[in-house]
Amino acid sequence: MTPDVWLLYAVAAVVAFLALWAGWTLTRLRRLEVRAARAWTVLDTQLQRRAALAAELAREHADAVGEARAARLATAARDARAVPAGDRELAENALGRELRDLPPGLPVALLADLDGTATRIGLARRFYNDAVRDTHLLRTRRLTGLLRLHASRPLPRFFDIEDDLREASSATGAGRARP
(Lines give C-alpha, C1' and ligand atoms only; values in the text may rest on other atoms or scores of the structure.)
Protein backbone atom coordinates (compact mmCIF):
# COMPACT_ATOMS: atom_id res chain seq x y z
CA MET A 1 0.00 0.00 0.00
CA THR A 2 1.11 3.48 -0.78
CA PRO A 3 1.39 6.33 1.70
CA ASP A 4 -1.60 8.02 0.05
CA VAL A 5 -3.84 5.07 0.95
CA TRP A 6 -2.60 5.12 4.56
CA LEU A 7 -3.31 8.84 4.73
CA LEU A 8 -6.79 8.24 3.33
CA TYR A 9 -7.43 5.55 5.98
CA ALA A 10 -6.17 7.85 8.72
CA VAL A 11 -8.42 10.72 7.58
CA ALA A 12 -11.39 8.33 7.33
CA ALA A 13 -10.69 7.06 10.87
CA VAL A 14 -10.51 10.61 12.25
CA VAL A 15 -13.74 11.60 10.48
CA ALA A 16 -15.47 8.46 11.74
CA PHE A 17 -14.25 9.13 15.28
CA LEU A 18 -15.45 12.76 15.11
CA ALA A 19 -18.86 11.64 13.80
CA LEU A 20 -19.23 9.10 16.62
CA TRP A 21 -18.10 11.61 19.22
CA ALA A 22 -20.46 14.29 17.86
CA GLY A 23 -23.37 11.84 17.94
CA TRP A 24 -22.57 10.81 21.50
CA THR A 25 -22.20 14.45 22.57
CA LEU A 26 -25.48 15.47 20.95
CA THR A 27 -27.24 12.61 22.74
CA ARG A 28 -25.67 13.69 26.02
CA LEU A 29 -26.71 17.32 25.45
CA ARG A 30 -30.30 16.25 24.72
CA ARG A 31 -30.37 14.16 27.89
CA LEU A 32 -29.00 17.05 29.92
CA GLU A 33 -31.63 19.35 28.43
CA VAL A 34 -34.38 16.92 29.45
CA ARG A 35 -32.82 16.51 32.90
CA ALA A 36 -32.71 20.28 33.42
CA ALA A 37 -36.31 20.65 32.21
CA ARG A 38 -37.55 17.96 34.58
CA ALA A 39 -35.59 19.42 37.48
CA TRP A 40 -37.01 22.87 36.73
CA THR A 41 -40.55 21.43 36.73
CA VAL A 42 -39.99 19.92 40.17
CA LEU A 43 -38.42 23.13 41.47
CA ASP A 44 -41.22 25.28 40.06
CA THR A 45 -43.83 22.99 41.61
CA GLN A 46 -42.23 23.29 45.04
CA LEU A 47 -41.87 27.07 44.72
CA GLN A 48 -45.55 27.34 43.76
CA ARG A 49 -46.46 25.13 46.72
CA ARG A 50 -44.51 27.37 49.11
CA ALA A 51 -46.25 30.45 47.69
CA ALA A 52 -49.64 28.78 48.15
CA LEU A 53 -48.80 27.86 51.75
CA ALA A 54 -47.63 31.43 52.42
CA ALA A 55 -50.84 32.83 50.94
CA GLU A 56 -52.85 30.44 53.11
CA LEU A 57 -50.86 31.53 56.15
CA ALA A 58 -51.48 35.21 55.38
CA ARG A 59 -55.17 34.66 54.66
CA GLU A 60 -56.20 32.28 57.43
CA HIS A 61 -53.78 33.19 60.23
CA ALA A 62 -53.38 36.94 59.84
CA ASP A 63 -54.12 37.52 63.52
CA ALA A 64 -51.31 35.15 64.60
CA VAL A 65 -48.66 36.68 62.35
CA GLY A 66 -49.90 40.28 62.61
CA GLU A 67 -51.85 42.29 60.07
CA ALA A 68 -48.85 44.16 58.63
CA ARG A 69 -46.79 41.03 58.24
CA ALA A 70 -49.77 39.15 56.79
CA ALA A 71 -50.12 41.86 54.14
CA ARG A 72 -46.41 41.68 53.30
CA LEU A 73 -46.61 37.88 53.21
CA ALA A 74 -49.65 37.96 50.89
CA THR A 75 -47.89 40.42 48.58
CA ALA A 76 -44.70 38.33 48.51
CA ALA A 77 -46.70 35.16 47.82
CA ARG A 78 -48.60 36.84 44.97
CA ASP A 79 -45.36 38.19 43.48
CA ALA A 80 -43.70 34.76 43.72
CA ARG A 81 -46.61 33.12 41.89
CA ALA A 82 -46.65 35.63 39.03
CA VAL A 83 -43.40 37.55 38.91
CA PRO A 84 -44.21 41.11 37.79
CA ALA A 85 -40.71 42.26 36.78
CA GLY A 86 -39.47 38.92 35.48
CA ASP A 87 -36.86 38.25 38.16
CA ARG A 88 -38.11 35.16 39.91
CA GLU A 89 -35.11 34.89 42.20
CA LEU A 90 -35.82 38.28 43.79
CA ALA A 91 -39.47 37.42 44.34
CA GLU A 92 -38.60 34.04 45.88
CA ASN A 93 -35.98 35.63 48.14
CA ALA A 94 -38.55 38.19 49.34
CA LEU A 95 -41.01 35.40 50.12
CA GLY A 96 -38.32 33.40 51.89
CA ARG A 97 -37.40 36.39 54.06
CA GLU A 98 -41.05 36.86 55.03
CA LEU A 99 -41.33 33.20 56.02
CA ARG A 100 -38.36 33.35 58.38
CA ASP A 101 -38.84 33.72 62.11
CA LEU A 102 -42.55 33.03 62.17
CA PRO A 103 -44.19 33.72 65.53
CA PRO A 104 -45.29 30.89 67.81
CA GLY A 105 -48.90 29.81 67.88
CA LEU A 106 -49.26 28.82 64.24
CA PRO A 107 -50.71 25.40 63.37
CA VAL A 108 -48.13 22.65 63.59
CA ALA A 109 -49.37 21.03 60.36
CA LEU A 110 -48.85 24.25 58.40
CA LEU A 111 -45.38 24.72 59.86
CA ALA A 112 -44.52 21.11 59.01
CA ASP A 113 -45.72 21.68 55.43
CA LEU A 114 -43.59 24.82 55.16
CA ASP A 115 -40.58 23.00 56.59
CA GLY A 116 -40.99 20.05 54.20
CA THR A 117 -41.47 22.36 51.25
CA ALA A 118 -38.34 24.34 52.20
CA THR A 119 -36.35 21.11 52.27
CA ARG A 120 -37.75 19.98 48.91
CA ILE A 121 -36.99 23.41 47.40
CA GLY A 122 -33.38 23.15 48.54
CA LEU A 123 -33.01 19.68 47.08
CA ALA A 124 -34.80 20.53 43.82
CA ARG A 125 -32.67 23.64 43.40
CA ARG A 126 -29.51 21.60 43.84
CA PHE A 127 -30.65 19.01 41.27
CA TYR A 128 -31.56 21.76 38.81
CA ASN A 129 -28.29 23.65 39.29
CA ASP A 130 -26.34 20.38 38.91
CA ALA A 131 -28.03 19.78 35.55
CA VAL A 132 -27.31 23.36 34.49
CA ARG A 133 -23.66 23.02 35.58
CA ASP A 134 -23.24 19.77 33.62
CA THR A 135 -24.81 21.38 30.55
CA HIS A 136 -22.50 24.40 30.82
CA LEU A 137 -19.44 22.18 31.20
CA LEU A 138 -20.27 20.12 28.12
CA ARG A 139 -21.34 23.07 25.98
CA THR A 140 -18.25 25.13 26.77
CA ARG A 141 -15.75 22.47 25.74
CA ARG A 142 -13.52 23.55 22.92
CA LEU A 143 -14.51 20.87 20.38
CA THR A 144 -18.22 21.22 21.19
CA GLY A 145 -17.98 24.93 20.48
CA LEU A 146 -15.89 24.41 17.37
CA LEU A 147 -18.45 21.99 15.91
CA ARG A 148 -21.27 24.30 17.13
CA LEU A 149 -23.18 21.46 18.76
CA HIS A 150 -26.41 22.83 20.25
CA ALA A 151 -25.19 26.34 19.42
CA SER A 152 -28.70 27.54 18.53
CA ARG A 153 -30.10 26.57 21.94
CA PRO A 154 -29.84 29.00 24.84
CA LEU A 155 -27.76 27.98 27.83
CA PRO A 156 -29.91 27.33 30.89
CA ARG A 157 -29.55 29.77 33.79
CA PHE A 158 -28.60 28.86 37.31
CA PHE A 159 -31.31 29.49 39.92
CA ASP A 160 -29.83 30.91 43.10
CA ILE A 161 -32.01 31.81 46.04
CA GLU A 162 -31.48 32.03 49.78
CA ASP A 163 -32.61 28.64 51.02
CA ASP A 164 -30.42 27.76 53.98
CA LEU A 165 -32.04 24.53 55.13
CA ARG A 166 -30.92 24.92 58.74
CA GLU A 167 -32.31 28.45 58.89
CA ALA A 168 -35.59 27.44 57.27
CA SER A 169 -36.07 24.46 59.54
CA SER A 170 -35.31 26.48 62.68
CA ALA A 171 -37.71 29.20 61.52
CA THR A 172 -40.59 26.77 61.24
CA GLY A 173 -39.92 25.03 64.50
CA ALA A 174 -38.61 21.69 63.23
CA GLY A 175 -35.06 22.48 64.28
CA ARG A 176 -36.01 23.60 67.81
CA ALA A 177 -35.40 21.36 70.77
CA ARG A 178 -38.60 20.10 72.31
CA PRO A 179 -39.00 20.31 76.10
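Modeller: A salt bridge is a side-chain nitrogen of Lys or Arg within 4 Å of a carboxyl oxygen of Asp or Glu. The side chains of aspartate 113 and arginine 49 meet in one, at 3.6 Å from N to O. Aspartate 113 belongs to helix 5 and arginine 49 to helix 1, so this pair, 64 residues apart, links distant parts of the chain; helices here are DSSP runs of H or I with at least four residues, numbered from the N terminus. This is a predicted model, in which local features need pLDDT of at least 70 and side-chain atom pairs pLDDT 80 or more, while totals for chains, interfaces and linings use all residues. Residues are numbered from 1 along each chain as its sequence is written, and side-chain values use heavy atoms, with hydrogens and water left out.

Colleague: What makes aspartate 113 and arginine 49 partly exposed?

Modeller: Buried means under 20% relative accessible area and exposed over 50%, with partly exposed in between (1.4 Å probe, protein chains only). Aspartate 113 has 31% and arginine 49 has 33%, and therefore each of them falls in the range between the two cut-offs.

Colleague: How do you know that glutamate 92 and arginine 50 form a salt bridge?

Modeller: The closest N and O atoms of glutamate 92 and arginine 50 are 2.7 Å apart, which is within the 4 Å that the term requires. Because glutamate 92 lies in helix 4 and arginine 50 in helix 1, the pair ties together parts of the chain that are 42 residues apart in sequence. Glutamate 92, with a relative accessible area of 1%, is buried, and arginine 50, at 8%, is buried as well.

Colleague: Why is glutamate 89 called buried rather than exposed?

Modeller: Its relative accessibility is 15%, which is under the 20% cut-off, and so glutamate 89 counts as buried. Glutamate 89 has its place in helix 4, and the residues that it touches, not counting those up to four places away in sequence, are Arg157, Phe158, Phe159, Asp160 and Ile161; a contact means heavy atoms within 4.5 Å.

Colleague: What makes a set of residues a nonpolar core?

Modeller: The residues must be buried Ala, Val, Leu, Ile, Met, Phe, Trp, Tyr or Cys, joined through side-chain atoms within 4.5 Å. The largest such core has 20 residues, and those with the most contacts inside it are Leu57, Leu73, Leu95 and Leu99. Helix 1 (3–60), helix 2 (62–65), helix 3 (67–81), helix 4 (88–99) and helix 5 (108–139) each give it two or more residues, and helix 1 gives the most, with six. A second, separate core has eleven residues, including Ala39, Ala124, Tyr128 and Phe159. In soluble globular proteins, nonpolar side chains tend to be buried together.

Colleague: How many helices and strands does the chain have?

Modeller: It has seven helices and zero strands, and 37% of its 179 residues count as buried. Of the contacts in the chain with a separation of 6 or more, 78% are between residues 24 or more positions apart.
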